[in-house]
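Please open the structure in your viewer and keep the selection panel at hand. The tour moves from one selection to the next and says what is to be found at each stop.

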Amino acid sequence: MNRIAVLGACVVAQLALVGLATYDQLSARAFGEEYRFLVQPVDPHDPFRGSYVDLDYPDLRDPDGSVPASFEDGDQGPLYIPLVRDGDLWVRGEYTRTRPDEGPYLACDDGDWRIRCGIESWFASASEARRVERELAGDGAVATVRIDGRGNAALVDLSSR
Amino acid sequence: MLADMNTTAPSAPRSLRPVSPRQLEWLTDEVRSWEAEGLVDEQQAASILGSYRAGRRFGLGRLMLYLGSAFIGVGLIWLVASNLDQFPPLARWLVVTAIWLGLVAGAHLLSERRRRHRLPDSSPVVGAVRGGAALAFGAVIFQAAQSLQVPAYEPALVGFWGAGALLYAYAVRAMAPLTVGVTASLVWFVWQVLADAESGLGVVLAFLVGGVIAAAVSVLHRRFEPAGFAVVWREVGALLVLVGLFVAAVPDVDGGDFRMTATLLVAVLVAVALAALALALGRDVTRLLPLGALAVASVGTGLVAWETDRVTGGSIGAGDWLQAALSVAAYVLVAGAVAALGILRDSPRLTWLALAALVVFTTFQSFAVFSQVITGAWLFVVLGLVFVGSGLVFDRARRELESTLEGELS
């Protein structure tokens, strides 16, 4: 009985780790609201998770800046992108290193070589990924993203413009 | 205690414990000498020897079992990567989770069955299923991340896999999940350090600090259960220290773009704390191992941070030669210490690891030197000679070290 209790506690803790590993996306999906962004494909394959389409958000980066987006202010780490409505879609306000007092905003990080907000990949089967990439390379598409009050974001859909 | 053996007759037929032919030969000699000294009678001697049978520790059957479970685990992760769009994402995650839980439950039932038959609860079959469960937990994490569109190349996912596998390994006290957990955690740590700030010094520190942590944990396992885990941590610690120092000795590796990131800082603090704990709680002279690993980490960091003429854009100068000489001396010293530890702890894997590291290091360094003056086929001939020569010299040194240490210990 004692061994079963230990094993049970271990399995529960492991499931909690699964939740922790995907916390941002789970929180955004459960408590977030939907926002729509213009999206373009950049290029791929994750060895553990297979084919995906790498996404670039033209309206979330500096028009003259690098693709994918990066921010050169001599600092690296947490970065916040306030969001401003532009018709049906949402575009970026001024990047900031301090968490905005009110939303909506995206909580991102540029510790890596690019700004990552948790919405950069769309996983699909190899054939579907190729089809989506072709479609996005044409007229571009619209990404539906759920964002919670802390800026955690989850990509929930891609659709034609 | 031996006298009690006659009075406690087993209620169920005992199955024979497999031991290596060498161990059985040693035990037989010992029991015969106890019998000659009158410590045990003929019946007791037969009873002791009758409990064991000779068998290979790592037979073909065991190899097939572990390979099979590794194939299942890796296949499951591959299945996640193949992204079967015939099934909705939630259904895929539920199927992968059901397979993982099935393996966890299966391993538990098999081990309980062995306990009921008064056998040790671990066996190759139980170990293989537990190893498969640890791998399958990775598939659960990756499928959850894929179903929720977590961005690609996220090192934290591998870290969570490692943490889960380690948790399982300690809960059931099994080596196979420990191996999976240590490997995944290690991959995460180096990857995370590189993702945070890509620099040569960062990589060197990641390996060396990881080596200190692993060495300290191995010392603590000599005091705290499961004691068997000490072997894995000790060998991983030695491997990390040798790899870290190897990278530190590569001339082109420097401290450019280095940043002390949060991950690295926490790891350094954990390493120092664990080394202090190991020093305070360790049982014998091996409690100094983490301190030795810390010293190697300092030397490695110093070698990388040392800006010689070549690194600063000039030609090869005295500083470069001095750095190369110190690198070789430090590496030979550390590899020698690891080889001695292998002999002291009766761990041939550790000794061979040290010797292999020395041979590869010598050849690599020779390559860096000879490629400046010899090219083409002759370079291969010279390198081959260096490889064979250093292998012969180090093997002879190992045998001499072994006989010296054995002589002193006896």
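What follows is a walk through a predicted model, taken one selection at a time.

**The disulfide in chain A**

Begin by selecting C108(A) and C117(A), which are joined by a disulfide with an S to S distance of 2.1 Å. A search over all chains of the whole structure finds one disulfide, and the link between C108(A) and C117(A) is right-handed, with 100 degrees about the S-S bond. Then select C10(A), a buried residue with a relative accessible area of 4%.

**Aromatic pairs**

Next, show the aromatic side chains; over all chains, a search of the whole structure finds twelve aromatic pairs. One of them is formed by Y52(A) and F123(A), whose ring centres are 5.2 Å apart and whose planes meet at 35 degrees, so the pair is tilted. Because Y52(A) belongs to strand β3 (residues 50-56) of chain A and F123(A) to strand β7 (residues 121-123) of chain A, this pair ties together parts that are 71 residues apart in sequence. Is Y52(A) buried or exposed? Y52(A) is buried, with a relative accessible area of 6%, and F123(A) is buried as well, at 5%.

Now move to chain B and select Y170(B) and F229(B), an edge-to-face aromatic pair with 5.0 Å from centre to centre and 85 degrees between the planes. This pair links distant parts of the chain, since Y170(B) is in helix α6 (residues 155-172) of chain B and F229(B) in helix α9 (residues 229-249) of chain B, 59 residues apart. Here Y170(B) is partly exposed, with a relative accessible area of 30%, whereas F229(B) counts as buried at 2% relative accessibility.

Staying in chain B, select F246(B), Y331(B), F361(B) and F364(B), which ring pairs link into a cluster.

**A charge over a ring**

Return to chain A and select R92(A) together with Y95(A): the charged end of R92(A) sits over the ring of Y95(A), 4.3 Å from the ring centre.

**A nonpolar patch on chain B**

For the last stop, show the surface and select L279(B), V285(B), L288(B) and L291(B), which form a nonpolar patch there with about 320 Å² of accessible area together.

Key: Residues numbered from 1 in each chain as written. Chains lettered and ligands numbered in written order. Predicted model: local features only at pLDDT ≥ 70, side-chain atom pairs only at ≥ 80, totals over all residues. Heavy atoms only, no water. Disulfide = S-S within 2.5 Å. Buried < 20%, exposed > 50% of the residue type's maximum accessible area, 1.4 Å probe, protein only. Patch = residues over 30% accessible without salt bridge, like charges linked within 9 Å, V, L, I, M, F, W, Y side chains within 5 Å. Areas by Shrake-Rupley, 256 points an atom, 1.4 Å probe, with all protein chains shown as cover. Salt bridge = Lys/Arg side-chain N within 4 Å of Asp/Glu carboxyl O. Phe/Tyr/Trp six-rings, centres within 6.5 Å; stacked < 30°, edge-to-face > 60°. Helix = DSSP H or I, 4+ residues; strand = E, 2+ residues; numbered from the N terminus. Lys NZ or Arg CZ within 6 Å of the ring centre and 35° of its normal.
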